[in-house]
Every structure is written in structure tokens, then in C-alpha cells.
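Hi,

Here is the structure I said I'd pass on.

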Amino acid sequence: MILEFILFLCIGAAAGLLAGMFGIGGGALIVPALIFTLNHFTVNSVWTNHIAIATSLATIIGTSLSSSWMHNKNHNIEWSILKRMVLGCIIGTIGGSYITPLIPGVWLKWIFVIFMIYVGSQFVFKTRQVAHNHATKVVKLNTSIYIAMGGVIGLFAALVGVGGGVLVVPFLKKCGIGMRKAIGTSAAFTLPVAIAGTIGYIISGWHVMPLPKYCVGFVYVPAVLAIMLASIPMAKVGVLIAQRISVDKLIKLFGMFLLVLALKLMIS
């Protein structure tokens with residue numbers, strides 16, 4: 001039990017750092033780490049993957065609150081855009097938590113992998129061009145487009161247990177938003193994703209049997225508490241790091257993160 005708790009803390013610390021630096025929820029790290037830890041120590045169930053995804057989304061609530069507060073303090077959240085994306089995000093996330101069993105995971109995985117390789121390579125190899133693309137002109141889109149994009153990202157986030165930041169940041173960059181504001185807005189976006197997804201997974205797993213002890217729906221409470229204990233303070237550290245390094249370097253690091261994540265998905 002002690003070793004399990006320590007592993008949850010390590011998972012939370014790493015996820016919180018990534019969340020603060022890149023405006024993501026940390027689910028890309030949390031989900032596979034939870035699947036390994038739960039299978040090895042506590043939970044050996046046919047529902048392990050669902051539990052890992054639901055638990056990841058629940059932990060993102062605390063991480064997102066921490067990093068969003070710091071990004072907002074630094075005036076790095078585009079509230080006008082965020083408000084328009086949130087409605088679609090909530091609908092997509094709740095819907096995704098219900099239809100997970102109906103969509104072949106391999107389809108979703110490879111679409112995501114191809115997208116991340118493309119965007120990650122653009123960020124790594126064309127850093128300066130990406131950094132200054134639309135630097136003086138923000139592309140204004142119709143409100144319905146922001147709502148639709150929020151819905152698509154929310155749906156995907158719920159299906160794989162992430163906060164959606166790996167999709168939000170590239171989208172906002174394409175709209176001409178600066179990298180730091182794209183990361184800050186993305187961090188805030190992950191909060192409604194996490195809340196809606198957690199509620200959806202609690203409801204959809206409420207009558208599922210058998211589930212391990214200490215599960216509320218599909219959410220495994222001990223892991224949530226331990227991971228958040230480390231992720232919340234480390235998210236603040238990640239934001240401070242993001243504020244201190246150059247935009248070019250931040251873009252390149254984000255691109256490298258996407259490529260590593262794509263590689264991990266390809267071999268998993």
C-alpha cells in the first residue's frame with residue numbers, strides 16, 4: 001500500500017509539471033501509468049481501463065484549477081475564446097463518457113497519432129515560423145466553430161482520459177493566439193472537460209459490477225487523492241518554468257512532447 005501511494009505521488013508530480021508547462025491535463029501520462037499500477041497492486045478487473053480513464057479525468061480537476069489560477073494570474077487566458085468553447089466541450093465530454101465502448105479504440109488511436117506527429121514535427125522543425133505565425137493578427141472565427149471544436153475536443157478527451165490540451169494548443173496557435181496564451185487557455189479548458197467527464201464516468205459506472213473497493217462509479221478515489229496531492233503544487237512549478245523560458249524553446253518542447261506521446265501510442 002505504501003509503495004502504491006508513492007507511485008501515485010510520482011505520477012501526480014510528473015503530470016502536474018507537464019500540465020503547468022504545456023496547458024494539458026496530464027492524462028496522457030496518468031492513464032497508462034494508472035493501468036500499470038492498478039493491475040500490479042490493487043485493481044485486477046475487466047474494467048481497469050475504464051477506471052484508469054475516469055480516475056485520470058478526476059485528477060485533472062485539481063491540476064487544472066492549480067495551473068489555470070497561475071496562468072490567469074499572469075494574464076495568459078483568452079477568456080472570450082474559452083467561454084465559446086466550453087459549451088461544446090461539456091456536451092462532447094459527457095457524450096464521450098457514454099459511448100466509449102462503441103468506438104474501436106484502434107481507429108481513434110491512429111488518427112490521434114498521425115495528428116500528433118504532424119503538429120509535433122511542425123512545432124519542432126519550424127519553431128520560429130510557428131512562433132511568429134499570425135503574431136499580429138488573431139483569426140476571428142464564428143462562435144459556432146468554437147463550440148463545434150470544443151465539442152470534438154471534449155469528445156476525444158473523454159474517450160481517452162486526457163484534458164484535451166494536446167488538441168487545444170495547436171488549434172489556438174492556428175487561430176493566431178500566442179503560445180503562452182494558448183497554453184494558459186488550454187489549461188483552463190481542461191477544467192470543464194475533467195468535471196463533465198468525471199460526472200459522466202461516475203454515472204455510467206454507478207451500477208457496474210463488480211468494481212473494486214473505494215470506487216465511486218469508475219473513479220478510484222485513493223488514486224485521485226494521492227495524485228492530486230502531488231499534481232496541484234507541481235502544476236504551479238510547471239507554470240513558473242513556462243514563464244521563464246523563451247517562446248521558441250517552449251514551442252519546441254511542446255512539439256517534442258507530442259512526438260514522444262505519439263511514439264508511446266504507436267508501440268503500446
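Below is what turned up, starting with how the values were made.

This is a predicted model, so local features need pLDDT of at least 70 and side-chain atom pairs count only at pLDDT 80 or more, while totals for chains, interfaces and linings use all residues. Residues are numbered from 1 along each chain as its sequence is written, and side-chain values use heavy atoms, with hydrogens and water left out.

First, a helix pair. Helix α1 (residues 2-22) packs against helix α10 (residues 221-244) at about 30°, with the axes 6 Å apart. That makes α1 roughly parallel to α10 (angles under 35 degrees count as such). Their crossing is right-handed, meaning the near helix is turned clockwise from the far one by less than a right angle. The contact of α1 with α10 has 18 nonpolar, 5 polar and no charged residues; Gly is counted as polar here.

Next, charges. The count comes to 1 salt bridge (a Lys or Arg side-chain nitrogen within 4 Å of an Asp or Glu carboxyl oxygen). Glu78 and Lys181 form it, at 3.6 Å from N to O. Glu78 sits in the loop between α3 (48-73) and α4 (79-99), and Lys181 in helix α9 (residues 179-204), 103 residues apart. Glu78 is partly exposed at 22% relative accessibility, and Lys181 is partly exposed at 33% (buried is under 20%, exposed over 50%, partly exposed in between, with a 1.4 Å probe and protein chains only).

Last, α7 (residues 143-160): its buried residues include Tyr146, Ile153, Phe156 and Leu159.

Cheers

Key. Axes are lines fitted to C-alpha atoms, for helices over the stretch in contact, and angles run from 0 to 180 degrees between N-to-C directions. Helices (H or I, at least four residues) and strands (E, at least two) are DSSP runs, numbered from the N terminus. Angles under 35 degrees count as roughly parallel, over 145 as roughly antiparallel, 65 to 115 as roughly perpendicular and the rest as oblique.
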